[in-house]
Amino acid sequence: MVGRKWNLKGIAVGGALAVVAIGILTFYVWYQTESVKLGLDIDHCDRQIRELEESIEALKLERAKLLDPARVEQIAREKLGLVEPADADISYRGGKNPSPERP
Amino acid sequence: MRSFYESDIRRRVKVLTFLLAGWGVIVAARLVQVQVFGHARAKAAVLRQARDKVKIEPRRGNILDRNGEILACSLPSPSVAIRPVEKESPAATRDKLAKLQKELGLTATEVDTVLGRLREGYNYTYVKKKILEADAQRIMSLKLAGVELEAGTRRHYPHGPLAAHVLGGMNLLGENLLGIERRYNNILKGEEGEATSFLVPGSGSYATEIIKSPVPGRDLVLTIDATMQYIAEKELAAAIEKHRASAGCVIIMDPETGEILALASWPAYDLNTYPYPDKACLNRAVQAAYEPGSTFKIVTAAAAREHDRVGYSELFDCSAGFIRVGGTTITDHERESILSFPQVLIHSSNVGTVQFALRLKAPELYGTARDFGFGSLTGIDLPGEVKGRLWPPDQWTKDNSLAHVAIGYEVSVNAVQMLRAMNAFATGGLLVRPHVVKDGIAAAALRGTEDGDRSSRAISAKTANELVERVFSRVVEEGTAKLCSLDGYGAAGKTGTAQKYDDTIKAYTKNYTASFVGFTPLGRPRLSMIVVLDDPKEGYYGGQNCAPVFKAIARQALRYLRVPWERELPPPTVTAELKPRRTP
């Protein structure tokens, strides 16, 4: 029986190829995992954006209801006891209107 | 001679070949069984799974006022639908529907309709459309098999009745559009999406695959100012109640741009309460025409001045209190004396107006009225505008019509037309096009080329400015519209009181249309406004009931707009009360 002689160069090349192959596979798996993860993150962010947009719309609506002129006037008059100021109590910055000429 | 190893390999190859062939035969047989013998069943299963394309409702665009306040928006409002459930007994289906009936308040007829459709094999049946989100959550918490929600929206108006006639409104299903909702529907509605709904094999549940995403509608920005709209509606409602009028309207416009800042029509309606009352839906500012009466004298005066038929210092004898023209007698509301041309208009004398109007030829008065935009649409971007009536001179009665048209009879106008005509005096003779949508692109896309759509010159700047200075400002200061004189600001305008014509009896009645149209301040007009009251029972003169409304609205609106005083305020009046003396 003849013992096979180990070719160190061949072993090195084979090892390197194996390392490269394992590296590529590892990268591929990592890449795929990251892609899926990022996809899920994007999906999550999209959902959050939609929810926030809905919240913004709801808040805008709430604001519109709170600032309803009839409601504001009612609160001003009935709850706060405010009254309209007399003309003499109002002064405008710049005093009288510069009264530009009529067109 | 083959070695043992060679024989063994051959034997193994044979076994493997047989196994593979057997597997192939089994697969082929199964394929034949499924695709040939089971074709009909498979096709039925596929048809059961596949659904018609489902429309996905887009979010309708918001409508905002000029300051970005929401006037109309869309809220989530799903619809409840039901699908048949395999191997479910009819009794179980009825129980399920009984629960839905209780939760959704369905009528017995509605339940029967749904049951009928399920019996007939419909795969998808609406139980109730457009329900509240809270109700939807309650329904889903019941976890009823085959019951699902379809996403959708419903229109909501956070200010209720505010600007009802501008916004118009729509019902829950998005039908019966009115106002802006109708006029700009193409922009607001967006584009529907499409999805396919299919049964997930083995799970018994349905999944939806979106084919085309919906495109939401565009938001629309109006020229309306919610606060000024509120002021206009409040004061109009108060005047209607005070003078017991049957209807009325107020329009406020920016004189320079034609932007409508407020448009109120009464009776009004709550946009969130459907169905709307038929009578209230009429937008009296745009969709109703009336005989203007004396407010039309602004046209007669302009025509007389433009054609140089009258001078400011000319005098007219109005002392008789009436004038006979053709076969009719035209009277004044109270007997006047000898009046100058400005005084004729300041006191709104019909007798004096007819005297200088008769110096005009019919085509001249008609031409000026046309130049002011009467008899044609203003092009306001609200649906259903009426043209009013302005007959051409060849259809006028030879002896009467000129005099009648001169004092605002035999013609009919809508309130926007009248406001636009008065506005020409605020702009130095230019007619602007009134509009309610501020958004330039949207408006330009839809404005089209309606009759009367372009801005034009109605009269010369000289005539306009002279008439304002010498006549229409004095109408407010010392004439029929004294009640709308504002402290700190000048104003110009004209009152009108017209008897209403009854078509059934073919005669004028003792019912009136009162109006006032004007603008303020005088230096640089910021507001032009018309107030019209239909059939007021308490005080029927325009100067009595409409001019104070103008004053009340203008006072608040000018404060709101922070328009500085243009003249000195009158000194404050100090009042004192003496305590009654105690008797010893």
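## Ground rules

The model is predicted, so local features need pLDDT of at least 70 and side-chain atom pairs count only at pLDDT 80 or more, while totals for chains, interfaces and linings use all residues. Residues are numbered from 1 along each chain as its sequence is written, with chains lettered from A and ligands numbered from 1 in the order in which they are written.

## Helix 1 of chain A and the chain contact

Start with helix 1 of chain A, which covers 8-66. Helices here are DSSP runs of H or I with at least four residues, strands are runs of E with at least two, and both are numbered from the N terminus. The 59 residues of this helix should span 87 Å at 1.5 Å a residue, and the end C-alpha atoms sit 83 Å apart, which agrees. (The expected span is 1.5 Å times one less than the number of residues.) Helix 1 of chain A is hardly covered, with a buried count of 1 among its 59 residues. Buried takes 20 or more other C-beta atoms within 10 Å of a residue's own, exposed takes 12 or fewer, and partly exposed is in between, with C-beta atoms placed from the backbone.

Where the chains meet, chain A puts in 21 residues and chain B 24; contact calls for C-beta atoms, placed from the backbone, within 7 Å. On the chain A side, helix 1 and helix 2 (69-79) are the elements that give two or more residues, and helix 1 gives the most, with 5.

## Two domains in chain B

Chain B splits into domain 1 (53-113 + 123-221) and domain 2 (226-560), with bounds from an automatic or database domain assignment. Their centres, taken over C-alpha atoms, are 45 Å apart. In the contact between them, 28 residues of domain 1 meet 25 residues of domain 2. On the domain 1 side, helix 6 (164-167), helix 7 (179-183) and strand 10 (220-221) give two or more residues.

## Sheets of chain B

One open sheet has 4 strands in the order 7-3-2-10, with mixed pairing; pairing takes at least two DSSP bridges. Its edge strands are strand 7 (153-156) and strand 10. Inside it, strands 2 and 3 run antiparallel with 2 bridges, and B:Ile63 stands opposite B:Ala72.

A second open sheet has 3 strands in the order 5-4-6, paired antiparallel. Strand 4 joins strand 5 over 3 bridges, with B:Ala81 opposite B:Tyr126. Helix 3 (residues 90-104) lies across strands 4, 5 and 6, at about 40° to strand 5. For such angles, axes are lines fitted to C-alpha atoms (for helices, over the stretch in contact), and values run from 0 to 180 degrees between N-to-C directions.

Most residues other than glycine have a negative phi, and most peptide bonds are trans. Chain B has some exceptions: the bond from B:Trp266 to B:Pro267 is cis, with omega near 5°, and so is the one joining B:Thr520 and B:Pro521, at about -15°.

B:Arg244 has a positive phi of about 50° in the loop between helix 9 (226-243) and strand 11 (247-253). B:Arg244 is exposed, with 12 other C-beta atoms within 10 Å. Phi of B:Asp308 is near 55°, and B:Asp308 is exposed too, with 9 such atoms.

Note on methods: Contact = placed C-beta atoms within 7 Å.
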